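Here is a friendly walk through the structure shown below. Keep it open beside you as you read.

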Amino acid sequence: MAEAEPTDLDWVQLRRDIGVIDRAETTQEKFARKFKENPFVPIGCAATAGALSYGLWCFRTGRTKMSQTMMRARIVAQGFTITALVVGVVMTAGKTLK
């Protein structure tokens, strides 16, 4: 006699039987974990936001030369952030292949 096919909710009973307690990760815990895994991405994001904010403030106050410099710095910071993100993804993919 063949075994009965599992139903869609058999995994719920299986979790109860095994006793797995599933605890959700808070936002702060997730940020701390992600920051430890790849700290350069949030640093790059902060640098991008800082350069953008200061550049816009300089533009508003009439300091156009500094505004242009900060917009160029923003582009560099964005490039750094994208590079850090790609390197982090490649490193994570390399760890999972091992």
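## A threonine and a backbone oxygen

In this predicted model, a polar atom of the T83 side chain sits 2.8 Å from the backbone oxygen of G79. A polar contact here is a pair of N or O atoms within 3.5 Å; within protein, one must be able to donate a hydrogen and the other to accept it, and residues adjacent in sequence count only if both atoms are side-chain atoms. T83 belongs to helix α4, which covers residues 64-97. From T83 to G44 there are 39 residues in sequence, yet the C-alpha atoms are 9.6 Å apart in space.

T81 is also in helix α4. The T81 side chain reaches a backbone oxygen too, that of A77, at 2.9 Å. With 11% relative accessibility, T81 counts as buried (buried means under 20% relative accessible area, exposed over 50%, and partly exposed in between, with a 1.4 Å probe and protein chains only). Setting aside residues up to four places away in sequence, T81 touches V41, G44, C45 and T48, where contact means heavy atoms within 4.5 Å.

## How the model was read

Residues are numbered from 1 along each chain as its sequence is written. Because this is a predicted model, local features need pLDDT of at least 70 and side-chain atom pairs count only at pLDDT 80 or more, while totals for chains, interfaces and linings use all residues; side-chain values use heavy atoms, with hydrogens and water left out.

## The overall fold

The protein chain has 4 helices and 0 strands, so that its pattern along the sequence reads α-α-α-α. Helices (H or I, at least four residues) and strands (E, at least two) are DSSP runs, numbered from the N terminus.

Of the 98 residues in the protein chain, 14% are buried. The protein chain exposes about 8,500 Å², with 65% supplied by carbon and sulfur atoms; these areas come from the Shrake-Rupley method with a 1.4 Å probe, and for residues only the protein chains shown count as cover. Among contacts between residues at least 6 apart in sequence, 42% join residues at least 24 apart.

N38 lies in the loop between α2 (27-37) and α3, and is buried, with a relative accessible area of 16%. Leaving aside neighbours within four places in sequence, N38 is in contact with A84, L85 and G88.

Which residues lie nearest the centre of the largest pocket? They are E37, N38, G88, V89 and T92, out of 15 lining residues. The largest pocket holds about 340 Å³ of space. On a 1 Å grid over the protein atoms alone, a pocket is an open set of points where a 1.4 Å probe fits, with protein on both sides within 12 Å along at least five of seven lines; lining residues have an atom within 4 Å of a point. Grid points are joined across faces, edges and corners, and the volume is the space filled by probe spheres set on them. α2, α3 and α4 each supply at least two lining residues, and α4 gives the most, with 8.

## Aromatic pairs

Rings of Phe, Tyr and Trp (its six-membered ring) pair if their centres lie within 6.5 Å; planes under 30 degrees apart count as stacked, over 60 as edge-to-face and the rest as tilted. By this rule there are 3 aromatic pairs. In one of them, the ring centres of Y54 and W57 are 5.9 Å apart and the planes are at 25°, so the pair is stacked.

Both Y54 and W57 lie in helix α3 (residues 40-61), 3 residues apart, about one turn of the helix. Y54 is partly exposed at 32% relative accessibility, and W57 is partly exposed at 46%.
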